[in-house]
Amino acid sequence: MKHVIKEKITQFAKSIGFDLVGFSDIKVDEKNFKFYKDWLKKGNASSMDYLQKTSPRKDLKEILPSANTVISLATNYYYEQKPLKQGNGRVARYAYGRDYHKIIGKKLKQLEAFIKTLDANAETKSYVDTGPILERSFAEKSGLGTVGKNSCLITKEFGSWVFISEIITSLKIKSTNKILKKPSSKKDFAICGTCTRCIDSCPMQAIVSPGTIDARKCISYLTIENKKQIPKKIQAIIKKSKRLYGCDICQEVCPHNCRAKENNHEEFYNQPIATDQLNLQKILAIKSDAEFLKTFAGSPLMRAKRKGLQRNANIL
Ligand code: SF4
Ligand code: SF4
């Protein structure tokens, strides 16, 4: 019966657009939890205070007391970007169209409703990207992929270009983990071998050690989450990188991403908003927050707000 439920959930998840599905128990991987806590202690989260909430990350029962299983899901979002035109700034791939939090969030609700048709007593709680759960660690535990030195989950099927999300459920489902039969006590980044391309290619030297990104130095953080002015020295580096919103460099250089495939999820691309690049003059010409909203409603770019995006455009 348990096996049937697992099959049915996997099939349904794939039918609504999740590319990879894995199952694990709810026990948090100790070495990943310690790694995360050390990362926080060193101030690497910068102003992202919501990341400081560690206790539910340690015990998923704080989120869902009846929790027994984590269903990890990955969705390919890769597409080929066009060459950057003169006068334009680059937008990170994940921000091409409508905000994935909304698209994936809707699919998660569908999947949760489906789970309840299998067992009316099943309890569920879902997250995409923002919940107090070590989602890459659980994705790794369920066998979806392995975290690399660039701190991304690298999958066999799509490289690192995947959105990760998960459903915590009360259902007891057998783990699909094939990789971590004997987990080591230290993170070893075995998938990377001797490669250090992401570390060497980061224009900000933000990957301060394998798997550790200092958000204070990362262009993604600086152009999206950071609401302050950016110091002149850093501005010069961002200008050279031509990154207007976010940064994909440490993924673009990863040899595992030779496995990247154009995604076939129309919902990400049938409503392009920011696309893969934006004209800087057009960004600077936006006169009001209302006009900004009209241009970018529904896009991840709303997170930077008009002030942040115009600050970035000014730098470029
Ligand atoms: S996203 Fe860009 S700035 Fe941040 S670590 Fe990767 S390469 Fe460096
Ligand atoms: S670029 Fe090399 S070191 Fe970095 S994540 Fe990919 S394989 Fe690992």
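Residues are numbered from 1 along each chain as its sequence is written, while chains are lettered from A and ligands numbered from 1 in the order in which they are written. Because the model is predicted, local features need pLDDT of at least 70 and side-chain atom pairs count only at pLDDT 80 or more, whereas totals for chains, interfaces and linings use all residues.

A residue belongs to a shell if its C-beta atom, placed from the backbone, lies within 6 Å of the molecule. The shell around ligand 1 includes Cys-202, Met-204, Cys-218, Cys-247 and Cys-250, and α7 (219-224) and α9 (249-252) each supply at least two of its residues; helices are DSSP runs of H or I with at least four residues, and strands are runs of E with at least two. Around ligand 2 stand, among others, Lys-149, Cys-192, Cys-195, Arg-197, Cys-198 and Cys-254, and at least three residues come from each of domain 1 (2-192) and domain 2 (197-259 + 272-315), with bounds from an automatic or database domain assignment.

Three strands form an open sheet of mixed pairing in the order β10-β3-β11, where two strands pair if DSSP finds at least two bridges between them. Since β10 (243-245) and β11 (277-279) stand at the edges with a single partner strand each, one side of each is left without a neighbour in the sheet. Strand β3 (residues 88-91) runs antiparallel to β11 and is joined to it by three bridges, with Asn-88 opposite Asn-279.
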